[in-house]
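Please keep the sequence and the coordinates at hand while reading.

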Amino acid sequence: MGAQKKGGARVSDDSEEQSRQRLQAILLADSFTTKFRPVTLERPKVLLPLVNVPMIDYTLAWLESAGIEEVFVFCCAHSTQIIDYLETSEWRTHPNLVVRTIESHKSISAGDALRYIYEQQTETSQIQGDFVLVSGDTVSNMPLADLIHEHRERKKKDEKAIMTMVIKKSKPSLITHQSRLGTDQLFIAVDPLTKQLLHYEEDKVDHARGSVCLDKSLMESNPSVLLYNDMQDCYIDICSPEVLSLFEDNFDYQHLRRHFVKGVLVDDIMGYKIFTHEIGSSYAARVDNFRSYDTVSKDIIQRWTYPYVPDINFGGNRPVKLGREGIYRACDVVQSRSADVGASTVVGYGTKIGNGDRILNSVIGSGCIIGSNVVIEGSYIWNNVTIEDGCEIRNAIVCDGVRIRAGAVLEPGVVLSFKVVVGRDFVVPAYSKVSLLQQPMKEDSDEELEYADSSSGAADRLSGLSLEMESKGSELGPDGAGYIWEVCEGAHDEEWKHSVAPIPEDKLAEITQAMDDYDDMEDESVVPTSGELKSDADSINTDVNDPGDDYGYFEREVEGTFLRAVEEGIKVELGVLEINSLRLSYNMESADCAGAIFYSMMKLAVDTPHSSASELYKNASSIITKWKGLLGFYVKQTDEQIEVIMKFEEMCQETAKELGPLFAQILHVLYEKDVVQEDAIMRWAEEKAGADEADKVYLQQCETFIQWLKEASEEEDEDDDEEDD
Amino acid sequence: MPDVQSMVLEFVNKLRKRKIEGSQATARCTVELLRSVISHHRVPHANQASALIDAVKAVGAQLVAANPVELAVGNVVRRVLHIIREEDLSLATAAVAGLDLLDASDDDEDVNGKGIGYPGMSAAVVAAAARSTLRPPSLQTLLEGTPESATVPYTSSSGADSESKTADKSSITRKLKHDVIEGVNQLIHEIAGCHEQIAEQAIEHIHQNEVILTLGSSRTVLEFLCAAKEKKRSFRVFVAEGAPRYQGHLLAKELVARGLQTTVITDSAVFAMISRVNMVIIGAHAVMANGGVIGPVGVNMAALAAKKHAVPFVVLAGSHKLCPLYPHNPEVLLNELRSPSELLDFGEFSDCLDFGTGSGSPLLQVVNPTFDYVPPSLVSLFITDTGGHNPSYMYRLIADYYSADDLVM
């Protein structure tokens, strides 16, 4: 704060107004993601304890000591819980920091939140100028005063500089291409002189190739560009008021980075600019997923976040004493002499540790009771947890009020939500998430859709559920309580990426292996080619071949299915079902199906033993009569009917020449059986009229038939006319 | 009262966030805060001293809890408590000794209002007199065999006083607050002036053409060296840089600005350079009751090097740094571990701190302690604002400043 005042004094008259301005911050107390489910169904993420202190306290304590005077806490999900907490905490009466809450239940994304604040703004004009935008799960100790000053100075020179983004160097893992916080590797381009952000990419980077696509204009318009792949986005932004109005103007902006930053970078019309600020010795990180929960906890224990560490009372927390080897222990912990509490461990107030326990690398909250011979490694045990004798807990998160009965085992990556009971000797499988609440049936596919059903119903449902639970028994052993959540499709492979548990060795080996294979493949394709042209050509070829091959397979499958249907006498409806499923799995059009089925039918007719052409015709027409329902299902439209005729033509020319002479007759049959309609035949004829002589063979064959058709239709028209008259 | 409350909160907040650095600044802020606590405290008529003591203790406990590493806070709180006890005692004796005098002064005060002390005799003088006559644990009295009348009889006697002389009590209490504030002002003055007091002695310790080694940065050391320079002593200073915060660099800058011949060396070069050094002078963070010193990290190494080469190891400490506790005391938090970022660049080492791969347990640990403890056997001399003292005498010196009742807060 002192620095800010000094800064204000240095800048003379015209900025005096600005320097008198209160330093304000908007704190989003909702992450708008579902990454912390099921825990966040019952408690908002910002109130989850991080090394025994609610996350929001880290953020508020940092903002306060960085000289921020007023914070607007935007509450959405579980807003009452957050407001109640802030009311009772010491922030309410803090001399230097005014904490105000803004409540909105309709917002489902950061974009909505900022739009809501903008709307409020028109009435109350709370935000007076530049503000700091952070989320309530940020842990940092960076000074802000200078940065805000820098932002204001830049803004004064360049109206368009609306945002300054904080980044920090952090090397991503070479194997998983993940940052240490479990987020995807970030790729940014910055102007080395002005520090302007030119490109921001977090998801579309091709890790296997190690390449990224940049817009050509980027290089044209900037004399020099600095590319980073070892930066971490701290999600701390200094924003000018224009940012709010930008969100208002672009009502489809939801995500701060994916939409807003990219939108601003792409948009040339407004010409707004975003700048970056790299922090050196300070710490800043955001708890985005379970992996970063683990990482940030360890950073706090290792004191990177000093002075926001467990042995310092920084925001209403009760400090615990730091001993050797990074063991933080509250003064009233009851610990058995035979218990072995190892390095980097935090034990909270009133916790009892029994005989022969082994605790390592873990955080244990207040009021926990831990029985004898328990092993706890790399885990986060919150408050009032009871762990009975002989349990083994590795790399798990155990929420408030959980009871783990004797002999139970938690495998790595397990998350037990509030008040779950794990039954005797039950083994909770790795990466499972357990809650008293049932998993919401309909997964919101859109990640932006956050804890959809928030504060309102949770408590009611909880009481209802526990009753149900008793009657039902439990998924966690006979004396347990809780539902194991299904891991949703697709995310299964990704589960290990964001879990609290370290990535298992075999997974790492797998990725390395895959990468090596890829490299080998690359090598093969690259080595023999002399120039790049050829490799390109290769890739194009394969691309083209792929769908063709697919169709070939599909045709064979359809044929097989059809033959089986004929042999086993399967009903038409069931045949339709089977072929439909094939169609879906091969991603084919119904026209393709029609072609394939007709092909199979004719093939069957040809393959059926016959002595003369007339016999063949008989076979074919009987098959068509019998299976017209199946074919009819796919030839509802003229295009599909034409496809059938074309297919027929193709067959006659290539695979089944015997059918050639019978073309007109069979076409007639198809017409009679309503498989092919008049329109389709006419259009086919029209199309073919302009073709080569060779292609016209079948058209000529059918000439009389078509003639007849035309006359019939004219007659019909005449009839119609007469009727109309 | 509410403004005092918010002042306390603000100071507590600053202490918690480690925003105030240096024991002198902390001590000064603490004593100023306590003065306003005392002056705003509404005192009851009976048992005023204990009411004041309770008020100060309550605030003191908050301050100490806010930053237990900064021992100066506790020291100053104890000093203030000691002042209250002394003033109470001296008033009690004065009341017994000369009722007439008190009555006269009382009338005087009623006329002129508060703020005017004794017409004839200042409170300080009375207090000093009372101290000299009444203080029980002085070396002389002990030798003379006077029965030890520590604090227990004193409280009982004051209690008896309050019962018997209720009429006098009101005047005594009004006086008490005034006297206490006077005493606290003196303490503020003392803390503010400790540098000069210590620096005055510089000429006796630093001789011509000597080489002085110091480590880290201390204002007291700076003033001490400059005082010797001003007295036309010519000498050279070696400054060990004091990793990882490198405050030695700042000290070197200041020394050069004042025209002193300065050499900067790394901490690890201390042992190599010590043979050329005539005296090691360092500033302390705190001096414990046993004569042990808490100083910037690396000091113990310098002390050992000095011992090995029989170089005098001199510690400068203002009286507010004298801590009545022993280092083995469970309440004493001797050290503070600061952020590893002072040692390592986070970005450079971030791949070593990736918990997602491997066993998940941090393989890289960084320990960054702020302080070092030097045992009394390595210290040659303490220079405080009252003069030079032997380490073994420190407990005696401390007994002059603190009363035994306040050691545990």
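Which residues does B:His205 touch, not counting residues up to four places away in sequence? The answer comes under the third heading, after the basis of the model and its overall make-up.

## Basis and confidence

This is a predicted model, in which local features need pLDDT of at least 70, side-chain atom pairs count only at pLDDT 80 or more, and totals for chains, interfaces and linings use all residues. Residues are numbered from 1 along each chain as its sequence is written, chains are lettered from A and ligands numbered from 1 in the order in which they are written, and side-chain values use heavy atoms, with hydrogens and water left out.

The model scores ipTM 0.81 and pTM 0.74. For chain B the mean pLDDT (the predictor's confidence in each residue, from 0 to 100) is 82, and 81% of the residues of chain B reach 70 or more.

## Make-up of the two chains

Chain A has 22 helices and 35 strands, while chain B has 17 helices and 10 strands; helices (H or I, at least four residues) and strands (E, at least two) are DSSP runs, numbered from the N terminus. Of the 725 residues of chain A, 53% count as buried, and in chain B buried residues make up 52% of 409, where buried means under 20% relative accessible area, exposed over 50% and partly exposed in between, with a 1.4 Å probe and protein chains only.

In chain A, residues 24 or more positions apart account for 61% of the contacts with a separation of 6 or more. In chain B, 82% of the contacts between residues at least 6 apart in sequence join residues at least 24 apart.

B:His205 lies in helix H11 (residues 202–205) of chain B and, at 18% relative accessibility, counts as buried. Not counting residues up to four places away in sequence, B:His205 touches B:Glu210, B:Phe224, B:Met279, B:Leu381 and B:Ile383. The C-alpha atoms of B:His205 and B:Glu182, 23 residues apart along the chain, are separated by 34 Å.

B:Pro296, placed in strand E6 (residues 293–296) of chain B, is partly exposed with a relative accessible area of 25%. Apart from neighbours within four places in sequence, B:Pro296 is in contact with B:Leu215, B:Gly283, B:Thr370, B:Phe371 and B:Asp372. B:His41 is found in the loop between helix H2 (23–40) and helix H3 (48–66) of chain B, counts as buried at 18% relative accessibility, and, leaving aside neighbours within four places in sequence, is in contact with B:Ala51, B:Leu52, B:Ala55 and B:Lys177.

## A helix pair in chain A

Helix H17 (residues 613–634) and helix H19 (residues 663–672) of chain A pack at an angle of about 20°, with their axes 10 Å apart; axes are lines fitted to C-alpha atoms, for helices over the stretch in contact, and angles run from 0 to 180 degrees between N-to-C directions. H17(A) is therefore roughly parallel to H19(A), a term for angles under 35 degrees, with over 145 counting as roughly antiparallel, 65 to 115 as roughly perpendicular and the rest as oblique.

The contact is made by A:Tyr617, A:Ala620, A:Ser621 and A:Ile624 of H17(A) and by A:Gln665, A:Ile666, A:Val669 and A:Leu670 of H19(A).

Key: Contact means heavy atoms within 4.5 Å.
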